[in-house]
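This report looks at ring contacts and at one strand crossover. Please keep the sequence and the model in view while reading.

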Amino acid sequence: MDATAVVLERPEQLALTRLPLTPAGEGDAVVAVSWSGISTGTERLLWSGRMPSFPGMGYPLVPGYESVGTVIAAPEGSGLEIGQSVFVPGARCFGEVRGLFGGAASHLVVPADRLVPIDAALGEQGVLIALAATAYHALAGITPGERSLIVGHGVLGRLLARLNRLAGGMPTVWETNPVRREGAFGYPVIAPETDERRDYATITDVSGDSALLDTLIARLAPGGQIVLAGFYEAPLAFAFPPAFLREARIRVSAEFRPADLAAVTALVGRGALSLSGLITHRCPAAEAQAAYRTAFGDAACLKMILDWRAQP
């Protein structure tokens, strides 16, 4: 079986390519992808060639870990049904072409136990399950009424703020881009220089700016915590005395886990967590080259999705 896939051949060189898929094994399902999202964090670094080296890194590669599709084949006993809507957190089914993270393709062969059944009524919003799970994984223990700071008002920052409020917190969001400060959100979104608070119990950074640590430590309450939830291409460093005086704690939040996916799927399913208003741009998969450039270059683009439904 073949699939049409986005292939990053090298930095800033993208092609829509027909690739043979690894045959489905005993525990594998086959999914026809309807939509996939473009990540402005890890995928931007892969696109630009600035992704720090880690095991499995290299080109050519198929990006993407935000895919939604329909099951067209499933192993017996998996609990999956033909025609069922599922979220796919990436795949490795392209032979010698690496899957980092392998979700941007028309069809995928995936271990059945990695798929997350979702309500078909979610439609394209289902691609946001990955970022919602990432936000859930990063969320620190929230005390109702506690003030916290989120740095960055992209999709991840907005989901963090929504989950924070859901837990009874009182988040403030810093955003340097005025375009992303516009609107009514139910929480303040402000320019950093206008904020006078220095008593945040938790600060969660999703900006990926490696130069911010000293600034954020200065805004912590004593014993406060900084959660690093972005992806940082440069080394991180901070001045020790201010951190010492505050007994600051610094935590790294990595990728989501199956339990995070289950938790946010349940929250979305019962209507507690909204995914609305976060997808701003859409392109047919055939226009992937332009879609990636818009996703990474247009500040008004919160989330770009590729529509695969017309691809064979």
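## A charge over a ring

Which residue lies over the face of Y200? R197 does. The distance to the ring centre is 6.0 Å. Note that this is a predicted model.

## Aromatic pairs

How many aromatic pairs does a search of the whole structure find? The search gives six. One of them joins Y65 and F101. The ring centres of Y65 and F101 are 5.7 Å apart. Their planes meet at 85 degrees, so this pair is edge-to-face; the cut-off for that class is over 60 degrees.

Both partners sit in loops. Y65 belongs to the loop between β4 (61-62) and β5 (67-73). F101 belongs to the loop between β7 (98-99) and β8 (107-111). The pair therefore ties together parts 36 residues apart in sequence.

F101 has 26% relative accessibility, so F101 counts as partly exposed.

Ring pairs also build a cluster. Its members are W47, Y292 and F296.

Strands β16 (residues 281-284) and β17 (residues 304-307) run parallel. Four bridges join them. In β17, M304 is the bridge partner of H281.

What does the chain pass through on its way from β16 to β17? The path goes through helix α7 (residues 288-297). This β-α-β crossover is right-handed.

Technical notes:
Residues numbered from 1 in each chain as written. Predicted model: local features only at pLDDT ≥ 70, side-chain atom pairs only at ≥ 80, totals over all residues. Heavy atoms only, no water. Pairing = 2+ DSSP bridges. Helix = DSSP H or I, 4+ residues; strand = E, 2+ residues; numbered from the N terminus. Right-handed = clockwise from strand over helix to strand, strands pointing away. Phe/Tyr/Trp six-rings, centres within 6.5 Å; stacked < 30°, edge-to-face > 60°. Buried < 20%, exposed > 50% of the residue type's maximum accessible area, 1.4 Å probe, protein only. Lys NZ or Arg CZ within 6 Å of the ring centre and 35° of its normal.
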